[in-house]
Amino acid sequence: MTALQHVKPHAHYTVQLPRSDDFAFWRERARALIQCDIPPDKIAWVEPGGTDDLFSSGGMRLPEPPADAPPVRASKRYLSLASNAALHRDPARFALLYRLLWRLQRNPRIMEDKADPDVGRVEELDKNVRRDSHKMHAFVRFRQVEAEDGEHYVAWFEPEHHILRANAGFFRRRFASMRWSILTPQGTLHWDGETMREGPPAQKTDAPHGDPVEDLWRTYYASIFNPARLKVGAMLSEMPRKYWKNLPEAALIPELIAGA
């Protein structure tokens, strides 16, 4: 008897994800469940701190794919969108990704259908996550602190989605010669110039509130502000007010706008 024959037709399965941003874990489990022919409505995807679906059996052991199971089909476009969409904070994202992957097995060209609601939703999640990552790159502001072993730079940021670990490489490359920490409500990153470490969630009070470098930064920002090119709407689109509280130059914006 094959493993597929051991699958109960009316069973419900719960997949506990170790991290909210662990796309690799989700992908491995999703591939196995597809190969076992488990439909989307029989699976509950549960993040850390989440609750099981009311109709799922948390004790049901996940089936193993049969040895002769066909490979799972997933286009490059699907994988590109899905890996980013998995970082969104929408609790239904993993179920959405599995449903779309399930449908891909029957319709390999579904990602080309711009009118498909599942495709459209995944594209929307991907866009939101990309925008959040862009804002993180643009608006993280390091503040210098004196540590026992020398200078250290600390930044506070509040991402909308689960993007912290996905962007670790960007900051490691960009600030390779600095020793820095990025603190967020989701977790923390610490770079000592050689090794990246992850830490527990932080609070804003854990971050410093200012340093002498900020005075120089505000002077520079005021000097490059061009009132002749001011478009308040466009500026707010690129620099929403919710980020202002963490930007040293933001305190100058109302005065500069008024002067313009």
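This is a predicted model: local features need pLDDT of at least 70, side-chain atom pairs count only at pLDDT 80 or more; totals for chains, interfaces and linings use all residues.

Modeller: Residues are numbered from 1 along each chain as its sequence is written, and side-chain values use heavy atoms, with hydrogens and water left out.

Biologist: Are α2 and α4 parallel, perpendicular or oblique to each other?

Modeller: Helices here are DSSP runs of H or I with at least four residues, and strands are runs of E with at least two, numbered from the N terminus. Helix α2 (residues 76-85) packs on helix α4 (residues 117-139) at about 55°, the axes being 8 Å apart. Angles under 35 degrees count as roughly parallel, over 145 as roughly antiparallel, 65 to 115 as roughly perpendicular and the rest as oblique. The two helices α2 and α4 are therefore oblique.

Biologist: Is His190 buried or exposed?

Modeller: His190 lies in strand β6 (residues 188-191). Buried means under 20% relative accessible area, exposed over 50% and partly exposed in between, with a 1.4 Å probe and protein chains only. Because its relative accessible area is 18%, His190 is buried.

Biologist: With which side chain does the side chain of His190 make a polar contact?

Modeller: A polar contact is a pair of N or O atoms within 3.5 Å; within protein, one must be able to donate a hydrogen and the other to accept it, and residues adjacent in sequence count only if both atoms are side-chain atoms. At 3.0 Å, the partner of His190 is the side chain of Thr188.

Note on methods: Axes are lines fitted to C-alpha atoms, for helices over the stretch in contact, and angles run from 0 to 180 degrees between N-to-C directions.
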